[in-house]
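Good morning, and thank you for coming. I would like to take you through one structure, beginning with a single residue and moving out to the chains.

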Amino acid sequence: MSLIRFNPTPSDRMAALWLMLTFEDAVVLEYGPMGTTCFAERALKGMGLKVNRLFSTHLSEDDVVMGDVTRLEKALIEIDRDLQPKVIFVVPSAILTVTGADIAGVCHYMQLEVNAKLIAYDGGGFKGDYSTGLSDVYTLLTKELAGRESTPVPSTYNILGACAYAYKIQPDLQELEHLMDSTFGAKRLATLGLCDSTQDMKALGQASVNLVIRAEALPAAKWLKENFGTEYIYSAPYGYLGTLHFLEAVGTALGKEPDANVMEMLKGKINAAQNIPTSGKKMRVSIVGDYDVAVGIYGFLKSLGLKTEHLICNHSLGRIPQPTEDILFYQTERERITVLQGLHNQWVLADDVSLSICPADNARLCISAPAADQVETEESSPLMGIRGADFILERQRNEKDILLSALI
Amino acid sequence: MTSQVKKLRDISSARNIPAPSYHGAGCAHCPLHTARKITKRIKDSVTLVLGIAECACYVKGGDTLFNVVLDWHDVTFGCKDKLAAAFDELMQEYEPKAVFIITTCVPEITGDDVDSLAAVFQSQYGIAVAVVHTEHFKTVQESAGVQNAMGACIEMMKVTEKDASVNILGQGQQDFLDTELSGVLKAVGVEPGIYIPDCSVAELARASKAKLNIVVDANALLLAQKMEQRFHIPYVSFEACISPQGTLEAYRHLFCRLEKPMPEMVITAYEKARKAILDIEKTVSGTSYFCERTQFPTFALNAFLCELGMMPQLIVTPEFPGRDSADLMTVLQYSDPYIAQRISQETMQALQDELKPDMLIGGRRGNGGSRRRYGSKRIGFDAIIEFVSSISGNQSGAEIKKRHSPDARSKRREGRRFS
């Protein structure tokens, strides 16, 4: 059961590139064959990442066999001299991870030779899948790039757990920003995972509260709490009720009452959403996606009285603290395909690959990456917050008649 | 002068050719990418890529591509069981007629004996299974993937009865029909039989019946040599040649093998190519240039250009023909240019500022000859005439100087520098 027919789960190393290539003033140097970099450049361009900051040392057979790191040393000096970046991230390829090259050691002594800050990531694609990579690199970036300033700026927050790979991340961030502004008048300082510059990361220790929207960022949030005393809230606001709970928790952390109008509007929407006709509640649902997206939307649909038959996670659950028992991660692609091909007359909310596997008699909504077939614009509806819940509810009402008529 | 270049006279082997310490956007492809481009052209076959998740994610695409993703356990204990299980699944679900297994860097480093496993699968399932090795750390050339994939096609061939057919190695039928060589063959009544790699598994199995292989791309040479060794099929090399005399020799060799008289149209084309060269000789003489990759062998091209009176200042190539190569000696007789395996944008710009070449030939930035493609549409004297006319149109260098004006240069440099 080891054949991969569709998209393999991205590795930890790929997740490292997603997070490191967001910085305008940093460079990512891959210590490995340049073909890997060429592939990455083409694949990551579509995610809006700064692929012109991605460089490769290439490798010769001598480097691999003899463990010679001169190539890496020279590349670090030349990049520092030619491009003058603030930070150089050094990421080894899988080959060097197998041979055991000590990249952190090289960075340690080469730090004396260069002006840029050297940060080594020691995962070469064997640590686990992208969930592992996100978790490790969120923590690495926080530890290495958060400033020393710990005086909190009132009514400010950081978002921890953004990622260019996540579907609808930009509309989601806009929705969060709008919610925080309209409910508390709070301003965002830094977004861990999508910061434009390493300078922005220095604000990580100055926020009044950290909002963790992805479980993989929890270790980073805990580190910030230990070192800067910043409280954090782990809650991805999906659905009206989820958003209400999120805003109440943020209010407590900030010591502020949420805006009464926003809360009234939310309560009104919660009541209205309960009035789904009984027939609509017969709709069967299956959800596939990244952990927090899948569980968040599952909770929302459950609050509407809809029954979810399958709740499937796209990545391993090892880095998710106490994951809900309702969610499953299939170790092999075959098991997953069998489940997806067995879905009929359901509303399937999933990634593009999973949606393409489902039979045609299902109604579909893309909620997670990979989403290569989806077009995202600035005006795209988010999945989080009030607008996200409006969007999902609207889609549910449009699809229910089609699905119910098929059932009759 | 930058450490990214050396003088050609100081080079003794391909390993001595300096390479930049780092490569930016626009790095060379992985041989996996180019190998897959070949295997997907073999109809009815499927490709199974054996590598890490990243290789699998990046090379994805097409319904004939499958992956086996290696993890740390496979690195430590070998991937035999995983590959065997995946192969079994593949056979049960898809029943392919042939399978290419592409091995990537990690299984090549760990030393898994995939060739032996392929032989086991072949006898177990009764289909052709070929292994394409694409260890990128052994080469900077993406064409290694094409060569190995073409070479692996030998495993799909069976011993058959000989006939008078001719195979075309290195080009598809559609592209080949547009070439001068195709017209010449047609004129003497020779219809090519099988075009490799644009053929089916069944056609590939019958490829050994041919009496002659015509190699129209250097990357197919490995396959031609293997076919000669295993099936005793001679081959004629018809890869891109910049010299009219060399091309004429290739035609003579071809017609000798075909046992047919050479048609007059070949001589006419030869004269036309020679005239085209004579026409430009005066105008290009004394022109300095940088030479990157073209469809022609690098040193043969530079020897040809030196004999035209042109002056190479920089040659960018990972290839080195050996100290006793006639082409190399010709180049050194006229000049001693700088040489580099690859070159970064910044260094290229600095060299242009310093050496001020009149012309850039080949590569992405230059003119005068398209980049080398796998199976060029120009074969024979046509390729020479096309190249010659493209360099003669730009001998003044006016267009190049305009494109690389100081303003544009400084803007580009600023764009990559951080403050």
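Is Lys302(A) buried or exposed, or does it fall in between? With 15 other C-beta atoms within 10 Å, Lys302(A) is partly exposed. The terms are these: a residue is buried if 20 or more other C-beta atoms lie within 10 Å of its own, exposed if 12 or fewer, and partly exposed in between, with C-beta atoms placed from the backbone.

Before going on, two remarks on conventions. This is a predicted model, in which local features need pLDDT of at least 70 and side-chain atom pairs count only at pLDDT 80 or more, while totals for chains, interfaces and linings use all residues. Residues are numbered from 1 along each chain as its sequence is written, and chains are lettered from A and ligands numbered from 1 in the order in which they are written.

Lys302(A) has its place in helix H13 of chain A; helices (H or I, at least four residues) and strands (E, at least two) are DSSP runs, numbered from the N terminus.

Let me turn to the nonpolar core, meaning a set of buried Ala, Val, Leu, Ile, Met, Phe, Trp, Tyr and Cys residues joined through C-beta atoms within 7 Å. The largest one has 269 residues, and Leu29(A), Phe89(A), Leu192(A) and Ile297(A) have the most contacts inside it. Helix H13 (residues 291–303) of chain A gives the most to this core, namely eight residues. Contact here requires the C-beta atoms of two residues, placed from the backbone, to lie within 7 Å. Apart from neighbours within four places in sequence, Phe89(A) is in contact with Met20(A), Ala26(A), Val28(A), Leu29(A), Ile119(A) and Tyr121(A).

Next, the domains, whose bounds come from an automatic or database domain assignment. Chain A is divided into domain 1 (12–128) and domain 2 (271–407), and their C-alpha centres are separated by 37 Å. Chain B has domain 1 (6–25 + 274–416), domain 2 (31–139) and domain 3 (166–258). For domain 2 and domain 3 of chain B, the C-alpha centres lie 29 Å apart, and the contact takes nine residues from domain 2 and six from domain 3.

Chain A also holds an open sheet of four strands, in the order E7-E6-E8-E9, with parallel pairing; two strands pair if DSSP finds at least two bridges between them. Why is one side of strand E7 (187–192) and of strand E9 (231–234) left without a neighbour in the sheet? Each of these strands stands at an edge and has a single partner strand, so one side remains without a neighbour there. Strand E8 (residues 209–212) of chain A is joined to E9(A) by four bridges, and Asn210(A) has Tyr232(A) in E9(A) as its bridge partner.

How do the two chains meet? The contact takes 51 residues from chain A and 45 residues from chain B. On the chain A side, the largest share, nine residues, comes from H2(A). That side divides into 26 nonpolar, 15 polar and 10 charged residues, where Ala, Val, Leu, Ile, Met, Phe, Trp, Tyr, Cys and Pro count as nonpolar, Asp, Glu, Lys and Arg as charged, and the others, Gly among them, as polar. Leu3(A) stands opposite Val68(B) in E3(B).

Within chain B there are 19 helices and 13 strands, and 51% of its 419 residues count as buried. Met156(B), in the loop between helix H7 (143–152) and strand E6 (166–169) of chain B, is buried, with 25 other C-beta atoms within 10 Å.

I close with the backbone. Most residues other than glycine have a negative phi, and most peptide bonds are trans. The peptide bond from Ala369(A) to Pro370(A) is cis, with omega near 0°, and a cis bond also joins Ile196(B) and Pro197(B), with omega about 20°. Asp44(B) has a positive phi near 75°, and Lys356(B) a positive phi of about 50°.
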